[in-house]
Amino acid sequence: MRNRIRFHGILILIGIVFLQSCSRNPVTGKREIILMSTDQEIALGQQSHPSIIASMGLYEDKKLQSFITEKGMAMAKISHRPDLPYQFNIIDSPVVNAFAVPGGYVYFTRGIMAHFNNEAEFAGVLGHEIGHVTARHSARQQTSQILGTVGLIAGMAISPKFAQFGEQAMQGLQMLMLSYSRAHESESDKIGVEYSSKVGYDAHQMANFFGTIKRISDNSGQSIPNIMSTHPDPGDRFNNVHAMATDWQAKNAGNYAINRDSYLQMINGIVYGEDPKQGFVENNVFYHPELRFQFPVPADWQTQNSPEQLVMAPKDGKSGILFNVAQGKMLDSAAQNVVKQYNLKVLESTRKTINGNPAIVIVSQQIPQPQQGQAQQPQTPATTVQIGTWLIQYNGLIYAMHGLSTADIFPSLFPTFKNTAENFRSLSDPDKLNRKPERIFVKSAPRNGTFKEIMSALGMPASRLEELGVVNSMKADTPIQKGMLVKVIGK
């Protein structure tokens, strides 16, 4: 009886939420439950923006920034939510990506800007990302997660037997969330066709760009099975968006722009791939030209670099090294901040000099944070996180190198961590200090021929033909006319 009363109480609570939070979706016109107000969406975007910029950095190009702001604001005006405080930014990342956060914050990487081949492709993706904002996908996703969790708790309240399957039920709920995400992506594709068409662009080009995404995915060898992906398969999107564009143009006759040459001329000189000034790995050594230091990377370990930190890890994922700038102007204050920031129990701490630089070496274990409502689980060597931290004072900053693994394998990995950290040293090699990034340059085809022949005539190596084909959205046998603009890669 007590469990039944608890369940009725939960049902009443859900009913109150439904009544108070039901609103009409600005895109679909349907009434739905939304637990995030417009003001909350805007506040979330404002809170997220500084951390996004800090972690990824802005790409400084006034001409390109002016372009995406102009096109973005024009599209925002014809959207379903024109009154949001929209912002459009280019992120300094080579990854081919675009994303949006609630409240009207939209981001394009320089990587995706380099891969667009006309304004219409850009406009289609712009419409897609604005669509996520106007259709309130983040708010709807949060609401679905909250209500799904409430339903799960309600089920556990009814039956103790159901509670035994809480973990499996939660996994099922997460799979349901994936289907919501796929539905949101498909809905945003439809909105992207609508918005880009309304501002005068050919939405078929948006579909063509999904062909580029599919080639990137296929070439990486890391494509995610469709059922486990939050995004629909790029091949399916290619066909679906073409069909939606055909339908739109049949119902709304007009001249739809592509603007290939003007777009290519605008991105002429854009940085392509990793920018060496942010640090780069070569022959198992990480070099940072701007900050003038270097250190080895363990052989066969993968790296992920950002303006905030460098992460290094082996493929088995059982250990890793995190490198960043520690808070504090002196070694002692930096050590105190690290212990507090990561909630560490210090096992030993020693001072030393690393290649002429004052340093502190700390070995510690992370104190687990108790989960609310859950009993503290006993720690074992296989579940305890152990960390070796090297704090190195160099050129006015304190750098932190954290090698971490579980305590049972930490002794075997400590020499690897130590070799990386204690070979931190200054960088003076002019070749590394003056390393320039690769860029996209736009050239005119010197004669008629296939794409392969034109790339060869422009001095591009055969080994990069597929990469150049992806960047140009062309195949080796694509016919090229004399004078046609194409992209090449160079310094």
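Guide: Helices (H or I, at least four residues) and strands (E, at least two) are DSSP runs, numbered from the N terminus. The model is predicted: local features need pLDDT of at least 70, side-chain atom pairs count only at pLDDT 80 or more, and totals for chains, interfaces and linings use all residues. Residues are numbered from 1 along each chain as its sequence is written, and side-chain values use heavy atoms, with hydrogens and water left out.

Visitor: Where is Asn-259, and why does Asn-259 count as partly exposed?

Guide: Asn-259 is in the loop between helix 10 (234–251) and helix 11 (260–266). Buried means under 20% relative accessible area, exposed over 50%, and partly exposed in between (1.4 Å probe, protein chains only). Asn-259 has 33% relative accessibility, so Asn-259 counts as partly exposed.

Visitor: What is the phi of Asn-259?

Guide: Asn-259 is not a glycine, yet its phi is positive, about 55°. Most residues other than glycine have a negative phi. Asn-283 has a positive phi as well, near 50°. Asn-283 sits in the loop between strand 7 (280–282) and strand 8 (285–288), and its 71% relative accessibility makes Asn-283 exposed.

Visitor: What makes the pair of Phe-295 and Phe-424 stacked?

Guide: Rings of Phe, Tyr and Trp (its six-membered ring) pair if their centres lie within 6.5 Å; planes under 30 degrees apart count as stacked, over 60 as edge-to-face and the rest as tilted. The rings of Phe-295 and Phe-424 are 6.4 Å apart, centre to centre, with 20° between the planes, and the pair is stacked. The rule gives 26 aromatic pairs.

Visitor: Why is this pair said to tie together parts that are apart in sequence?

Guide: Phe-295 lies in strand 9 and Phe-424 in the loop between helix 13 (410–421) and strand 17 (425–426), so the parts tied together are 129 residues apart in sequence. Phe-295, at 1% relative accessibility, counts as buried, as does Phe-424 at 0%. Both belong to a cluster linked by ring pairs, which also includes Phe-286, Phe-293, Phe-323, Tyr-394 and Tyr-399.

Visitor: Why does Gln-294 count as buried?

Guide: The relative accessibility of Gln-294 is 19%, which makes Gln-294 buried. Gln-294 is in strand 9 (residues 293–296). From Gln-294 to Phe-424 the C-alpha distance is 5.8 Å, across 130 residues of sequence. Contact means heavy atoms within 4.5 Å; beyond four places away in sequence, Gln-294 touches residues including Tyr-287, Phe-424 and Arg-425.

Visitor: What makes a set of residues a nonpolar core?

Guide: A nonpolar core is a set of buried Ala, Val, Leu, Ile, Met, Phe, Trp, Tyr and Cys residues joined through side-chain atoms within 4.5 Å. The largest one has 54 residues, and Phe-108, Met-113 and Phe-116 have the most contacts inside it. Its largest share, seven residues, comes from helix 5 (residues 119–134). A second, separate core of 23 residues includes Val-297, Ile-354, Val-361 and Tyr-399.

Visitor: How do you know that Thr-212 counts as buried?

Guide: Thr-212 has 1% relative accessibility and therefore counts as buried. Thr-212 is found in helix 9 (residues 204–220). Not counting residues up to four places away in sequence, Thr-212 touches His-115, Val-470 and Ser-473.
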